[in-house]
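Let's walk through this model together, one neighbourhood at a time. Have the viewer open and follow along.

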Amino acid sequence: MAVARSSSPLLRLLVSAPSEVVDEFSHTARRVPFGSGRILMSPGSACEAILFPIAGRIRVYQMGADGRAVTLYRIQPEEACVLSVAAVLGHQAFPALVETESGGEAWAVPASVFHQWVERHPFWRKYVFSLLAQRLGDVLAKFEAITFRRIDVRLAAWFLEAVHASSRVPCTHQGIADALGTAREVVSRTLADWQRAGWIRTGRGVVEVLRPAALATLAEKTPSV
């Protein structure tokens with residue numbers, strides 16, 4: 001069953017693609033749903049399809065021997081998982097964990113077909129190189145933050161990014177620790193200090209930011225080695 005082009009959210013990605021590329025995607029990709037909390041990939045597994053999320057949150061992370069999880073990145077809409085692409089093109093097993101954080105859906109392209117597309121079409125080769133460059137930059141930035149920035153500075157920046165229309169941020173201490181690559185106890189201790197200072201108010205599954213200016217000042221501190 002062919003997917004109608006007019007309904008494809010990936011038209012933004014394929015707008016500059018040759019008609020042959022768009023036709024192949026429309027006739028090959030299948031729309032698949034996924035639920036929340038589902039492990040899509042684990043270390044050592046074979047990558048059978050390349051997913052392009054339409055909606056929903058998908059996290060790629062690694063789990064340490066001590067049980068700590070470090071988020072590598074989240075797959076954005078229209079964006080393939082760079083580790084999946086690397087595994088398919090390099091004929092390697094998948095090296096991390098992929099978990100859905102919310103329900104959603106994605107376009108799925110068989111791995112063997114995507115491999116052929118990259119070999120045949122400059123459009124897909126350019127896309128893969130761009131994706132690799134973007135994710136390498138993200139990983140280097142995360143490495144710099146973990147290595148050179150204090151946890152309170154990184155935590156302040158995390159909250160400032162999370163605060164948008166509302167001052168209330170849905171989160172758990174463990175979820176924040178996973179996102180920042182640190183221990184839950186470290187996050188809990190820092191949040192307790194901020195609450196005593198009147199910067200935040202914590203509740204069950206939520207943190208309310210009371211003094212964003214104080215967090216902004218902290219987030220702007222120069223990294224120290």
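Predicted model: local features only at pLDDT ≥ 70, side-chain atom pairs only at ≥ 80, totals over all residues.

Residues are numbered from 1 along each chain as its sequence is written, and side-chain values use heavy atoms, with hydrogens and water left out.

Gln-174 is part of helix 7 (helices are DSSP runs of H or I with at least four residues, strands are E runs of at least two, and both are numbered from the N terminus). From Gln-174 to Tyr-61 there are 113 residues along the chain, and their C-alpha atoms are separated by 14 Å. At Tyr-61, look for the charged end of Arg-59, which sits over the ring, 3.9 Å from its centre (the criterion is NZ of Lys or CZ of Arg within 6 Å of the ring centre and within 35 degrees of the ring normal).

Back to helix 7. Two packed helices are described by the angle between their axes and the distance between the axes. For helix 6 (residues 151–162) and helix 7 (residues 173–180), the axes come within 11 Å and cross at roughly 110°. Helix 6 is therefore roughly perpendicular to helix 7, a label for angles of 65 to 115 degrees. Helix 6 brings Ile-151, Arg-154, Leu-155, Trp-158 and Phe-159 to the contact, and helix 7 brings Ile-176, Ala-179 and Leu-180 (contact means heavy atoms within 4.5 Å). By class, seven of these residues are nonpolar, none polar and one charged.

Now for the aromatic rings. The whole structure holds 14 aromatic pairs (ring centres of Phe, Tyr or Trp, the latter by its six-membered ring, within 6.5 Å; planes under 30 degrees apart are stacked, over 60 edge-to-face and the rest tilted). Phe-25 and Phe-52 form an edge-to-face pair, 5.8 Å centre to centre with 80° between the planes. This pair joins helix 2 (residues 19–28) to strand 3 (residues 49–55), across 27 residues. Phe-25 also pairs with Trp-117: their centres are 6.1 Å apart and their planes at 40°, so this pair is tilted. Trp-117 lies in helix 4 (residues 111–120), 92 residues from Phe-25.

How values were computed: Axes fitted to C-alpha atoms, helices over the stretch in contact; angles between N-to-C directions. Parallel < 35°, antiparallel > 145°, perpendicular 65-115°, else oblique. Nonpolar A, V, L, I, M, F, W, Y, C, P; charged D, E, K, R; others polar.
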